[in-house]
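Dear colleague,

Please find below the structure that I am handing over to you.

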Amino acid sequence: MERAFSRQKAVLDHLRPSSSTYSSESSPSASPIVAGDRAPYQRTSVFGGDVVIVAAYRTPICKSERGGFKDTFAEDLLSPVLKALIEKTNLNPNEVGDIVVGTVLGPENLRAREGRMAASYAGFPETVPVRTVNRQCSSGLQAVADVAAAIRAGFYDIGIGAGLESMTTNPVAWEGSFSPKLHINIKARHCLLPLGITSEVAAGRFGVSRKEHDQTAVESHKRAAIATASGKFKDEIVPVPTKIVDPNGETKSVIISIDDGIRPNATLFDLEKLNPVFKQDGCTTDGNSSQVSDGAAAVLLMKRSVANQKGLPILGVLRAFATVSVDPGMRGVGPAIAIPTAVKVAGLGLNDIDLFEINEAFASQFVCCLNKLKLDPEKINVNGGAIALGHPLGATGARCTATLLHEMKRRGSDCRFGVVAMSAGNARGAAAVFERGDFC
């Protein structure tokens with residue numbers, strides 16, 4: 001290994017110009033592999049130009065229509081996490097090149113306005129632009145990836161990838177129509193299949209039993225309850241001051257600081273009593289599906305050289321991102337394709353990944369992905385997933401990123417690489433690979 005690194009260093013020395021005007025930041029550098037480390041992973045990149053995450057926060061996730069945020073405006077969900085990014089890092093908000101907000105259900109023009117309002121409430125000047133992005137359930141992760149790509153391209157040095165969804169304000173609904181060509185194109189017709197039906201299709205095709213569905217849900221609630229009780233979420237959650245209107249019409253001020261969809265006492269016996277929702281003899285129930293939720297999250301990214309100049313601790317490094325598309329009739333299994341794709345782009349293998357945050361849209365599809373990739377359950381959603389925490393569509397990708405990076409930080413040297421992944425509407429999947437920030 002030492003000889004191999006010496007050869008690599010010699011090649012890099014030949015490639016490096018001799019001119020003294022060539023900055024060390026733009027020169028290629030190699031990451032040596034120490035004894036006991038993963039030998040296949042040798043990174044040759046512009047070290048100072050790495051895109052790093054210096055902060056990542058989320059609101060609590062609350063049940064839509066009846067939870068803590070049922071009377072909270074969308075912009076009032078997003079502004080606290082945006083504000084936390086600049087307050088906790090002492091960052092000058094004028095330096096932010098762009099804020100990209102993942103969102104799914106809100107009308108695009110309206111949500112763009114709400115995003116701009118949230119930035120104003122959080123203390124960002126009018127010179128900082130805001131835009132939205134919609135890649136269905138992976139929108140929050142896509143926002144992070146978009147900002148990372150812009151930083152890597154040199155468009156700006158600092159940006160924010162965020163996610164927002166108020167499913168109370170904007171429930172899932174569709175009243176439009178489609179081209180009659182649907183009748184002659186089966187793949188196009190499959191795009192209209194309800195997600196719950198594709199959950200049942202996946203369960204049937206891959207042999208996921210009703211018991212496996214419910215066991216997955218019980219484990220999700222159990223892990224989330226333990227994480228909450230032990231204070232694991234405190235580093236990532238930003239308490240949100242808001243108001244709640246009670247059934248009598250009276251308004252009271254509250255501060256929401258914990259997720260309210262977790263059922264600590266959920267049991268297999270209780271879940272077995274629930275009836276299937278989408279198919280008479282099916283396995284998908286309200287209890288083993290992700291919760292409809294309200295919430296927001298935000299991730300602060302910048303060039304490593306900028307973070308170093310500012311003396312900011314580095315939470316993580318984005319190493320790879322991938323999106324894929326699968327058969328529209330099998331929506332939900334996208335992560336099984338996206339994860340290996342992103343991991344390969346990062347120059348790694350699945351065995352190199354220490355921790356996974358995979359969105360639990362439906363237990364059936366979550367189990368399918370785990371089985372197909374032969375992943376160790378002890379590495380996946382160690383603090384619970386969307387079945388327990390909730391799934392505010394546009395925010396989930398950014399929420400998972402925050403949860404993953406804070407858990408990786410807690411685990412220290414035992415955890416170098418992590419993956420965030422989820423399925424997305426219209427038969428897609430997305431995944432990103434992160435390296436723990438203090439490793440390099």
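The lining of the largest cavity has six nonpolar, four polar and no charged residues. Here Ala, Val, Leu, Ile, Met, Phe, Trp, Tyr, Cys and Pro count as nonpolar, Asp, Glu, Lys and Arg as charged, and the others, Gly among them, as polar. Please note that this is a predicted model, in which local features need pLDDT of at least 70 and side-chain atom pairs count only at pLDDT 80 or more, while totals for chains, interfaces and linings use all residues. Residues are numbered from 1 along each chain as its sequence is written, and side-chain values use heavy atoms, leaving out hydrogens and water.

Rolling a probe the size of a water molecule over the atoms shows where empty space is left. On a 1 Å grid over the protein atoms alone, a cavity is a set of points where a 1.4 Å probe fits but cannot get out, and a pocket is an open set with protein on both sides within 12 Å along at least five of seven lines; lining residues have an atom within 4 Å of a point. Grid points are joined across faces, edges and corners, and a volume is the space filled by probe spheres set on the points.

There is one cavity of 30 Å³ or more, and the largest cavity holds about 40 Å³ of space. Its lining includes Gly332, Pro335, Phe362 and Ser423. Helix H11 (residues 363–373) provides the largest share of that lining, three residues. Helices (H or I, at least four residues) and strands (E, at least two) are DSSP runs, numbered from the N terminus.

The largest pocket has a volume of about 1500 Å³. It is lined by 43 residues, and those closest to its centre are Leu105, Val172, Ala173, Leu195 and Leu393. H6 and strand E13 (417–424) are the elements that give two or more residues to this lining. By class, the lining of the largest pocket comprises 21 nonpolar, 16 polar and six charged residues.

The second largest pocket contains about 370 Å³ of space. Among its 17 lining residues, Val54, Pro313, Leu315, His406 and Lys409 lie nearest its centre. Strand E3 (51–58) gives the most to this lining, with four residues. Eight residues of the lining are nonpolar, three polar and six charged.

Two packed helices are described by the angle between their axes and the distance between the axes. Axes are lines fitted to C-alpha atoms, for helices over the stretch in contact, and angles run from 0 to 180 degrees between N-to-C directions.

How do H6 and H11 pack, and at what angle? Helix H6 (residues 195–206) and H11 have their axes 8 Å apart, at an angle of about 40 degrees. H6 is therefore oblique to H11; angles under 35 degrees count as roughly parallel, over 145 as roughly antiparallel, 65 to 115 as roughly perpendicular and the rest as oblique. The contact (heavy atoms within 4.5 Å) involves residues including Leu195 and Phe206 of H6 and Gln365 of H11.

Helix H10 (residues 335–345) also packs with H11, at an angle of about 45 degrees and with the axes 9 Å apart. H10 is therefore oblique to H11. Pro335 of H10 and Cys369 of H11 are among the residues in contact.

Yours sincerely
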